[in-house]
Every structure is written in structure tokens, then in C-alpha cells.
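Have a look at the sequence and the model first.

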Amino acid sequence: MTVSGSAPEATQMPEKRVWRDIGIKRRYAAERRFKAYGLGAVLVGLVCLGMLLVSVVSKGYTAFLQTSIQLDITFDKKVIDPQGQAATNDRVLLMANYPVLATRALAKVLGVDESDRKLRRDLSGMISNGVRTQLRDMVLADPSIIGKTRSVWVLAAADVDSAYKGQIDLSVDQARRKVDDQQVAWMNKLAGEGILKGRFNTGIFVNGASSRPETAGMGVAMIGSMYMMAIVLVLALPIGVAASIYLEEFAPKNRWTDLIEVNINNLAAVPSIVFGLLGLAVFINFMHLPRSASLVGGLVLTLMTLPTIIIATRAALKAVPPSIRAAALGIGASKMQMVFHHVLPLAAPGILTGTIIGLAQALGETAPLLLIGMVAFVADYPATPMDPATALPVQIYMWANEAERAFVERTSGAIIILLMFLAVMNITAIILRRRFERRW
């Protein structure tokens, strides 16, 4: 016996199943497309990052090698102290014509007549002008070497260094390049004898600012950045953590605290150059702190880093389960004891991670430091945070504006150093989080 209406229902059931299957297939297809889009976005990002790193490293790795020439330099007393006044007048040793000693030693090695004006000019162009400071410091450190001969590695001139590294096309006419054919022949001869070669460039890590690429270094910038990071850590960490604890654990929930939270979130998105304008107006124009000082840079970066630390610390405090607070209060702990003895230690990994990320962000900032005058030419190490200094990103900015060819590799080399600092800081943050983080 056939039930009335069963035939139409039987015909409708396959149609519903068909449409349901089609819908499932569409959803699966959409999911696969979304995964493909996401994977494609990741691959594009990795390719762009790889291109950036390859470009920077390919241009900057040569900055860690510096062409040097080994010379047997005779510290001739007739040049250094012709009148025998060095014992009573140190200025004589400071003002001596030390480059002449290096030029004579190079002429002796090459077997050329240094009295010829053209040859003497070419010989001087082979050696960096930084040899004056190098030899002077040797004499000042040990005046007994006057009249003696010492084997010294001296820096080659920037153009010779670029030519030796293959950064100058030597096939073009010599009128269109800064290294002439005579200097190229000498360079090849010295390289063949093993007294001209690339050596590890320690100067890029220890030297200060210089108008000569071969003697320019990041030493002052690194010290200035360390001073600023120390100031940021000393000021931003306790203030940020204290503000976060108050807002999260003690502050009443009303419109005022809501307004404070909104402003903190907005400050985290404010362009960094605004903080530079604030530092210029408050710390320099109003408080009359010295320009180009690490102290001012540290204060400006502290203002910029505070919102990041506060937001990260509040997120770490919120991640602690409420049961920890209830258990602490249940066994008789006060609210202050509950926060500092139980909640804060459990939130410490997140706080450290947020702090390190904030410091890494501050380390790479340039715009606010430009506005407070940290673009000064500083050749001497800052003894205190009140002394003139510069910073790693600012040094990169200044080198990028130089016209000398050799500063191109110096700029890329400095970028590599800064990236290494940032990578170490971010890796440290990841290790600390994985080492101490507790999942609930």
C-alpha cells in the first residue's frame, strides 16, 4: 500500500542531497582557496624579506673587510722632531708630518722615486689619511720608537679599497675613475707580494664618525644606543609595570580609567616623529638639556616605549587565571600580597617579552632622534649620557647621505649590525617566553 505524498517526498530527497553536497563542495573549495591565498601571502612576504636581506648582505659584507698595506716605517727624527723639542713640547709630536713617513716606506717597497711630484701624489693617494692619527698615537704611546723602524699595517685609501674589492670598473678609461693605471699596477704588485690584502675591519665596531670611509665606524653610535637603551629600561620598565598594575588590579572601572586606557592605546599608534617634537619642546627648549645627548634621546624613547610596555604588561596580567587571585585571597593574603607575590611573578614572562620588544622598537627609531639633534658629527666616545652622541639608526641615515662610493658598503654594513642587534633582542624575547611561560 502506497502512502499518499511519499512519491513527491522521495523525489525531493535526492535533490536536497545534491544541493547539500554542492554546498559542502563549495565550502571546501572556499577553504582551500583561503589556505592558498594565505600561503601565497606568506611566500610573497618571505620572498620580499629574502630579497631585502640578500640586497643588504651583498652590498654590506665587504664593509667587514678593509684593505691594508704592510709597510716597514722608519720613524725618522728629522721628520718627527727635527729640532729636538719633543721632550719639552708635546705639540711637536702632535703636529709632525706623519703621512710622509708612510709615503717614503711605500716608495721604498715599490722602488720608485718619491721626489717626482706626480709619483708622490699617486703614492699619497694609495694610503689613507688616517695614517696620520695611527702613527701619531704610536709615537705618543712610546716615544722611544723615534729613530727606529717598525712593521705597521696601514689602511689603504678608500678608492684603492674599492678598486681592490672590485667595486670600481677598471676597464674604463682612467680619466673616468679615481684610481689611475699607475695606482692599479702598484695595487696588483703589492697584492701579489702579499703585503696588500683585506683584513678584518675592527674599525667599523670601534671607530667614531669620520669624513673618510675607511676610518669611519659605529663605535660612538653603539655606545650612544646602549646609553639610551639603559635609560629606557631604567625608566620605562618600572613606570610601565606600575601603571599597568594600578590600572588592571586597583583602579576603579569608571569613565576616567576608560579614558586613560583609550589614550594609552592611541599613544601606541602615534607616529614616532611626534614624540621627537615633544622631546624638542620639553626636554631641550623648556628644560634646556643638551642637544645630541643620549639622556634626551633616552627620555624621548622612554615616552615612545611606555604605551607598548603598559599594553603588554596588562595583557600578561589578564592572562593570569582569576583562580590564582581567588586562592591567594582565600588563604588570607592582602590584595597587595596577592598581586606582588602571586600574579606578578606569573605574568613576568609576558612583561619581559613586551619590554624587550619595546626596546627593540626603540633601538630602530630614527625620526625622533633627528629632531633632538642626534645627527651631530661625533668622533669621540661619550663618557656620560650628557655628552654628545649619536645612535645606530641615525648613523645609518648619515652614511646614506654621503656622496663617497665607499660609504655605500658602510651603510649596508651598519644595517647588518643593527639587524643583528634586533634579531638578538627578538630571539631573546622568544626564548624567555618559551622558557618561563605557563599555559593555563
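Predicted model: local features only at pLDDT ≥ 70, side-chain atom pairs only at ≥ 80, totals over all residues.

**Helix packing and a pocket**

Residues are numbered from 1 along each chain as its sequence is written, and side-chain values use heavy atoms, leaving out hydrogens and water.

**α10 with α13**
- The axes of α10 and helix α13 (residues 294–319) come within 6 Å and cross at roughly 35 degrees (axes are lines fitted to C-alpha atoms, for helices over the stretch in contact, and angles run from 0 to 180 degrees between N-to-C directions).
- Helices here are DSSP runs of H or I with at least four residues, strands are runs of E with at least two, and both are numbered from the N terminus.
- Their contact residues split into 20 nonpolar, nine polar and four charged (Ala, Val, Leu, Ile, Met, Phe, Trp, Tyr, Cys and Pro count as nonpolar, Asp, Glu, Lys and Arg as charged, and the others, Gly among them, as polar).

**α10 with α15**
- For helix α10 (residues 219–250) and helix α15 (residues 335–363), the axes come within 9 Å and cross at roughly 140 degrees.
- The two are therefore oblique to each other (under 35 degrees is roughly parallel, over 145 roughly antiparallel, 65 to 115 roughly perpendicular, and the rest oblique).
- This contact has 17 nonpolar, two polar and two charged residues.

**α4 with α6**
- Helix α4 (residues 98–110) and α6 have axes that come within 8 Å and cross at roughly 105 degrees.
- That makes α4 roughly perpendicular to α6.
- Y98, P99, L101 and A102 of α4 touch V131, R132, L135, R136 and V139 of α6 (contact means heavy atoms within 4.5 Å).

**The largest pocket**
- The largest pocket holds about 530 Å³ of space.
- Among its 21 lining residues, L155, G203, N207, E214 and T215 are the closest to its centre (on a 1 Å grid over the protein atoms alone, a pocket is an open set of points where a 1.4 Å probe fits, with protein on both sides within 12 Å along at least five of seven lines, and lining residues have an atom within 4 Å of a point).
- The lining divides into six nonpolar, 12 polar and three charged residues.

Terms used:
Points joined across faces, edges and corners; volume = space filled by probe spheres on them.
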